[in-house]
Amino acid sequence: MDYELVIVGGGMTGLALAALLADSGLRIAVLENRPSPQSFRAGEPFAARVSALSPASCRLLQQAGAWEGILARRACAYESMVVWDGTGAGEVRFDAAEMGEPALGYIVENRIVQLALLDVLAQKTAVELLFSAPMQGFVIRNGQVCVELEGNRVLGCQLLVGADGADSQARSRAGLDWKQDDPGQKGLVGTVVTTEPHRQTAWQRFMPDGPLAFLPLPDAHACSMVWTLPSDVADACLGRSRASLCDLIAAGLDQRLGAVVSVDALGAFPLQSAYAPSCVAERLALIGDAAHVVHPLAGQGVNLGFRDVAVLADAVRHAPDPGASGVLRRYARSRKGDNLLTLQAMDGFRLLFGNRSPLLTPLRNSGMQWVERLPWLKQRLARQAMGV
Ligand SMILES: Cc1cc2nc3c(=O)[nH]c(=O)nc-3n(C[C@H](O)[C@H](O)[C@H](O)COP(=O)(O)OP(=O)(O)OC[C@H]3O[C@@H](n4cnc5c(N)ncnc54)[C@H](O)[C@@H]3O)c2cc1C
């Protein structure tokens with residue numbers, strides 16, 4: 001047996017699992033399709049893909065040894081969050097101070113999370129990182145997984161972890177079911193610069209087509225934008241002149257941060273809501289987007305993935321055979337409730353806010369006003385989202 005674990009996918013969740021287990025005595029290989037990422041240069045432009053990390057995710061990255069490396073590059077703590085209904089008067093404001101917390105979370109570029117985790121792994125002899133090494137397939141033979149790479153190379157392991165994202169080959173080759181809802185939407189993402197400073201606040205306006213979110217970046221006037229739009233509208237935005245797109249975005253946010261003076265790193269990503277009813281198979285466990293993809297409206301995707309990472313790391317750390325069916329059953333049982341609840345909550349929000357029915361507008365507004373007026377309810381919602 002070459003390894004106890006082979007992790008396919010060197011995204012945020014795959015690398016976090018490897019880093020958490022790097023000193024456990026398990027031998028681990030991480031396979032990543034893409035070449036090794038370029039190192040960080042101070043002042044480089046902000047990347048389009050960022051995540052709002054909950055305090056629970058920040059703690060997990062600290063445990064993995066990567067948090068210092070993230071802060072040393074760049075991250076933005078956000079202290080408040082303002083959510084409002086674009087078709088009515090409902091508005092809710094969450095403040096870290098009210099929660100007795102220093103921050104509601106951190107906005108970090110995905111690439112920076114990966115680079116900090118790679119720094120940790122570079123120091124660990126138990127973990128082998130293979131870049132430009134796509135998994136071609138796998139078979140289970142004599143109680144071990146034989147993972148096939150290009151050039152007829154085969155790696156043997158006790159447990160294969162599928163951290164290979166929404167189009168997971170690990171999942172499809174294992175024949176695991178994938179329940180998918182394609183809402184026909186794309187997330188228009190980009191880095192926007194506004195005339196007013198963001199004040200360490202995450203801004204989110206709900207509109208019938210989908211929410212528009214501005215996530216604060218380390219530069220006081222720069223935010224990462226995620227705007228959920230029908231796919232054709234998002235694609236059309238990519239073809240607009242920058243000046244007219246800036247005006248459209250500023251109007252979309254009700255001019256809360258003044259005018260938008262520039263938008264860079266523009267892109268459009270298909271959005272979906274999907275999950276694997278079973279996240280385990282014989283000698284295989286799925287984590288992160290390979291197991292579930294949630295709508296980004298509440299920024300829960302990778303936070304949910306990091307919760308998979310924490311539970312799987314605990315389940316395999318001291319197991320004599322990390323791929324044993326009892327270990328995997330325990331992992332699947334512990335994650336099922338949380339994953340399903342989060343998926344359903346995101347779909348519920350999407351339907352409630354994405355509905356143009358005049359009957360639902362007063363319901364949304366009074367719901368938001370209730371939340372705003374009931375501090376215990378507001379705290380409860382915020383603590384759930386923060387994972388504390
Ligand atoms: C527009 C948008 C905004 C978002 N905002 C947030 C947010 O604010 N907060 C939040 O928590 N989440 C957010 N998310 C979700 C978050 O980005 C994902 O949940 C997260 O990136 C998933 O990480 P992962 O490691 O599971 O998968 P991925 O990031 O998809 O990584 C999978 C890796 O596997 C590799 N791979 C694939 N196939 C193979 C193979 N055969 N062999 C080897 N390697 C392979 C890929 O190259 C990739 O590096 C957002 C998503 C979108 C689309």
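A residue is called buried when its relative accessible area is under 20%, exposed when it is over 50%, and partly exposed in between, using a 1.4 Å probe and protein chains only. By that rule, strand β2 (residues 28–31) is covered on both faces: Ile28 and Val30 are buried on one side, and Ala29 and Leu31 on the other. Helices (H or I, at least four residues) and strands (E, at least two) are DSSP runs numbered from the N terminus.

This is a predicted model, in which local features need pLDDT of at least 70 and side-chain atom pairs count only at pLDDT 80 or more, while totals for chains, interfaces and linings use all residues. Residues are numbered from 1 along each chain as its sequence is written, and side-chain values use heavy atoms, with hydrogens and water left out.

The protein has 12 helices and 19 strands. Of its 388 residues, 51% are buried. Contact means heavy atoms within 4.5 Å. Among contacts with a separation of 6 or more, 73% are between residues 24 or more positions apart.

Strand β2 has partners in two other strands, where two strands pair if DSSP finds at least two bridges between them. With β1 (residues 3–8), β2 pairs in the parallel sense over 4 bridges, and Leu5 has Ile28 as its bridge partner. Between these two strands the chain passes through helix α1 (residues 12–20), and this β-α-β crossover is right-handed; that is, with the strands pointing away from the viewer, the path from the first strand over the helix to the second runs clockwise. Strand β2 is also joined to β8 (residues 127–130) by 4 bridges, again in parallel, with Val30 partnered by Leu129.

Elsewhere, an open sheet of 8 strands with mixed pairing runs in the order β6-β5-β13-β14-β15-β12-β16-β19. Its edge strands, β6 (91–95) and β19 (292–293), each pair on one side only. Within this sheet, β12 (residues 179–194) and β16 are antiparallel and share 12 bridges. Helix α8 packs on the sheet and touches β12, β13, β14, β15 and β16, its direction making about 65 degrees with that of β16; axes are lines fitted to C-alpha atoms, for helices over the stretch in contact, and angles run from 0 to 180 degrees between N-to-C directions.

Next come the charged side chains. A salt bridge is a side-chain nitrogen of Lys or Arg within 4 Å of a carboxyl oxygen of Asp or Glu, and the count comes to 13. In one of them, Arg73 and Asp119 have their closest N and O atoms 2.8 Å apart. Arg73 is in helix α3 (residues 67–73) and Asp119 in helix α5 (residues 110–122), 46 residues apart. Arg74 and Glu109 form another, also at 2.8 Å, N to O. Because Arg74 lies in the loop between α3 and β4 and Glu109 in strand β7, this pair ties together parts that are 35 residues apart in sequence. Arg74 is buried at 11% relative accessible area, and Glu109 is buried at 3%.

Arg171, in helix α6 (residues 169–173), is buried but has no salt bridge, and the nearest side chain of opposite charge, Asp167, is 5.5 Å away.

Finally, most residues other than glycine have a negative phi. Asn142 has a positive phi, near 50 degrees; Asn142 sits in the loop between β9 and β10 and is exposed at 80% relative accessibility.

Key
Lys and Arg count as positive and Asp and Glu as negative; His and the chain ends are not counted.
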